[in-house]
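Please look over the sequence and the model below before reading on. The report then takes up a few side-chain and helix arrangements in turn.

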Amino acid sequence: MRVVGTAGHVDHGKSSLVRRLTGIDPDCLAEEKAREMTIDLGFAWLTTPGGEQVGVVDVPGHRDFIENMLAGVGGIDAALLVIAADEGVMPQTREHLAILDLLGIEHGLVVLSKTDLVEDVGWLELVEQDILDLLESTTFHKAEIVRVSAHTGAGIPELLAQLDSLFTQLPPRADLNRPRLPIDRVFTMSGFGTVVTGTLTGGVLRVGDEIELQPTGLRGRVRGLQSYKQAVQVAYPGSRVAVNLSGVEKQAVQRGDVMAFPGQIQPTLLADVRFRYLPDLDRPLRHNTQVKMFSGAAESKGYVRLLDAETLPPGAEGWLQLRLETPLALSPGDRFILRYPSPAQTIGGGVVVNPNPAKRWKRMQPDLIAHLATQMEGSPAQRLAQAAEGSEPLKRAALQNRYGSAGFEDALQTALDEGLLTQLPDGTFWATVSLRGVLRQIYALLSHYHAAEPLRLGMPREELRSRVGLKQSVFIMLLEMERDFVVEGSIVRLKSHQIQFNERQQTRIHDLMAQMQAAPYTPPSYTDAASIVGEKVLRALIDLGEIVQMTAAPDVIFTRAAYDEMVAGVIEIIDTQGAVDAKGLRDRYSASRKYAIGLLEHLDTVGITKRVGDSRVKGKAAAD
C-alpha cells in the first residue's frame with residue numbers, strides 16, 4: 001500500500017487529474033466546488049495496472065492554503081508535481097517543490113497536465129526544459145515528466161504505468177511495532193462516534209488496540225478500522241486509515257494530534273533541529289525570530305534559537321533549537337517546515353534531531369554542536385549510545401522511544417559490542433560514557449572525603465548517594481558492580497583506603513583501651529573517651545568496630561569484647577529465665593543502671609531484644 005500526494009498550482013488541474021485517475025472527486029467542501037479550487041485536503045484511492053493499491057492526497061495549490069497543503073504531505077511515499085502545459089512553472093509550483101525538497105521526498109513524477117490546450121509542440125518542449133532546470137538541484141532531479149490530459153484521457157495509461165514503475169523503486173514500509181498516525185481529519189459518524197484519519201506509519205494497527213493521543217495524552221481504544229472504504233481488522237504501514245475510536249470525544253481531538261501506542265511518544269515544547277534556510281529569501285534568519293513550525297499534520301507557533309551562528313544567511317544551514325508555544329508530538333528523524341507567520345512565507349525546513357532536549361541550550365557551545373552532529377550523522381550505534389546518555393540508565397522501551405525503532409535491535413547489539421553502551425545487572429542500559437562519568441564522580445567524592453577525613457572509615461552511604469543524585473536502586477547496583485568501592489553497613493569507602501594512626505594517637509588509644517578493659521562493664525563514657533584520644537580518633541575506633549557505641553544512649557560505649565560478652569549474657573538470661581530486665585543485667589555484670597539500660601535500649605534498636613513492659617525477650621535479629 002502506498003500514498004502519493006498531488007502538488008502544484010491551483011489552476012494546474014490537480015483535482016481533475018485525481019478524478020480521472022480514481023473516479024473520486026477529492027473536493028468535498030461546498031466552497032471548493034463553488035470556487036473550483038481545493039481549499040482543504042482531499043482524499044481518493046486507486047489500484048494501478050500492476051495491482052498496487054494507492055492512496056491519493058490532493059493538497060491545496062493556492063498560496064492562501066499552503067498551510068493546509070503542509071498538513072497533507074508529511075506521510076506520502078511519493079508526489080505528483082502537477083504543472084499545467086498552458087501556463088508552465090508558477091510561483092506556487094516553486095514553493096510546493098521547495099517544500100517537497102525540504103521534506104526529503106525523493107520519489108515522484110512531474111505531470112504536465114492540460115496538454116489538450118497546447119497545440120504548439122515547441123511550447124511543450126520549452127516548458128519541459130524550464131521544469132528540468134527547476135528540478136536540477138532538488139530531490140526531484142531524477143523525476144520523469146509525463147504529459148497528460150485529464151479532459152481527454154491522453155497520457156493517463158502512461159502515467160499509471162510510470163506509477164507502477166515508481167513503486168517498484170520504493171523500499172517497503174517498515175513494521176517496527178510502533179504504529180503512528182498523524183491525524184489530518186476528525187469527524188463523527190452516527191452510531192459509531194469519533195473517527196480520525198491519517199497515513200499510518202511505523203507499525204500495524206489492530207481493532208482492539210489501546211492507543212494514546214498526543215500531545216493531550218488521552219487514551220482510548222480502536223473500535224474499528226477502514227482502509228480505502230473497506231472495513232479491516234488490521235491496518236498496515238503505508239496505508240490511508242480511518243480509525244473509529246472508543247473512549248475519545250470528537251471535541252478532544254484535532255488535526256495535528258498523533259495517535260500511537262501508549263508511552264511511545266512524548267510531546268515537547270523544545271526541539272533540536274538541523275535547518276536549511278531557503279536561498280531566495282531577502283533577509284537573514286535572526287535569533288528569536290517568530291516562526292510557524294509544521295510537522296506531520298501538526299503546526300505550532302514558536303521561536304528559533306540559533307545555536308551555532310549569530311544570524312543565518314539565505315541558502316545556509318544551521319543548528320536550531322525551536323521553542324514552541326504549543327506542544328507537538330515529534331520523533332527523531334521527523335521532517336518539518338518553517339514559515340514566517342506574517343507575511344506568510346515558507347522559509348525553510350529540515351529534520352528533527354532531538355525531539356525532547358533536557359533544557360534550553362546555551363548558544364555557541366562546540367560540544368553541543370558536536371553532540372547534535374553525532375545524533376544526526378553518527379553511526380546507528382553511536383546515535384543509540386547518545387540516546388542513552390543522561391543521569392540514570394534507561395529501560396529498553398524508554399531507550400527505543402528516544403532512539404526510534406528503525407534498526408534499533410541491530411544498533412543496540414553493535415553499541416554493546418563496541419562498548420558504547422553498557423547493560424546493567426537489572427537489564428537497563430546506560431551510555432558507557434555516562435556510566436563512567438558517574439563512577440568517576442563517586443570515586444572523586446570518596447577520594448576527597450578520605451583526604452579530608454583520614455580517620456573516618458568511609459563516607460555515609462546516603463550522603464554519597466544524595467551528592468551523586470542517583471536513585472537508591474541504581475546507586476546500590478553501581479556500588480556492587482565496581483570493585484574499587486567497599487560497602488560496610490551504612491559506610492562506603494574506597495578499597496584502597498585504611499585508617500592509620502600515628503605514634504602519638506596509638507599511645508592514647510592504648511591508654512583508653514587499658515581503662516576500658518580495667519572496667520569493661522562500666523567503662524569511660526563517650527565524652528570521657530573523646531577527651532583521652534580526641535573525638536576523631538574515637539570515631540575511627542567506632543568505625544573500625546573496636547569500640548561499640550550504643551545508638552539509643554550515645555554516651556555509653558563498650559569495647560567490642562565486652563559488648564559481645566554482654567550480648568551473649570542477655571541471650572543466655574532470656575533462654576534460661578524467659579526474659580531479662582535492667583536489674584538482672586546490672587546484677588550479673590555489676591554495671592550501673594546507666595550502662596544496663598543503655599545496652600538494652602540499643603539491643604531493642606538493632607532487633608536483638610524486644611521490650612515487653614519493663615522486660616526484654618528475644619527480638620527478630622537474635623540468634624537461635
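This is a predicted model: local features need pLDDT of at least 70, side-chain atom pairs count only at pLDDT 80 or more; totals for chains, interfaces and linings use all residues.

## Aromatic pairs

The model holds four aromatic pairs. One of them joins Phe275 and Tyr277, whose ring centres lie 6.1 Å apart with 40 degrees between the planes, an arrangement that counts as tilted. Phe275 counts as buried because its relative accessibility is 1%, and Tyr277 is buried as well, with a relative accessible area of 0%.

Phe275 also pairs with Phe336, and here the rings are stacked, at 6.4 Å centre to centre and with 20 degrees between the planes. This second pair links distant parts of the chain, since Phe275 belongs to strand β16 (residues 267-277) and Phe336 to strand β22 (residues 335-341), 61 residues apart. Phe336, like Phe275, is buried. Through these ring pairs, Phe275, Tyr277 and Phe336 are linked into a cluster.

## A charge over a ring

Another kind of contact with an aromatic ring involves Arg283, whose charged end sits over the ring of Tyr340 at 4.0 Å from the ring centre.

## Two crossing helices

Helix α17 (residues 560-577) and helix α19 (residues 593-606) have axes that come within 11 Å and cross at roughly 75 degrees. The two helices are therefore roughly perpendicular to each other.

Where they meet, α17 contributes Tyr563, Met566, Val567 and Val570, while α19 contributes Leu599, Leu600, His602 and Leu603. Sorted by class, this contact comprises seven nonpolar residues and one polar residue, with no charged residues.

Note on methods
Residues are numbered from 1 along each chain as its sequence is written. Side-chain values use heavy atoms; hydrogens and water are left out. Rings of Phe, Tyr and Trp (its six-membered ring) pair if their centres lie within 6.5 Å; planes under 30 degrees apart count as stacked, over 60 as edge-to-face and the rest as tilted. Buried means under 20% relative accessible area, exposed over 50%, partly exposed in between (1.4 Å probe, protein chains only). Helices (H or I, at least four residues) and strands (E, at least two) are DSSP runs, numbered from the N terminus. A charge sits over a ring if NZ of Lys or CZ of Arg is within 6 Å of the ring centre and within 35 degrees of the ring normal. Axes are lines fitted to C-alpha atoms, for helices over the stretch in contact, and angles run from 0 to 180 degrees between N-to-C directions. Angles under 35 degrees count as roughly parallel, over 145 as roughly antiparallel, 65 to 115 as roughly perpendicular and the rest as oblique. Contact means heavy atoms within 4.5 Å. Ala, Val, Leu, Ile, Met, Phe, Trp, Tyr, Cys and Pro count as nonpolar, Asp, Glu, Lys and Arg as charged, and the others, Gly among them, as polar.
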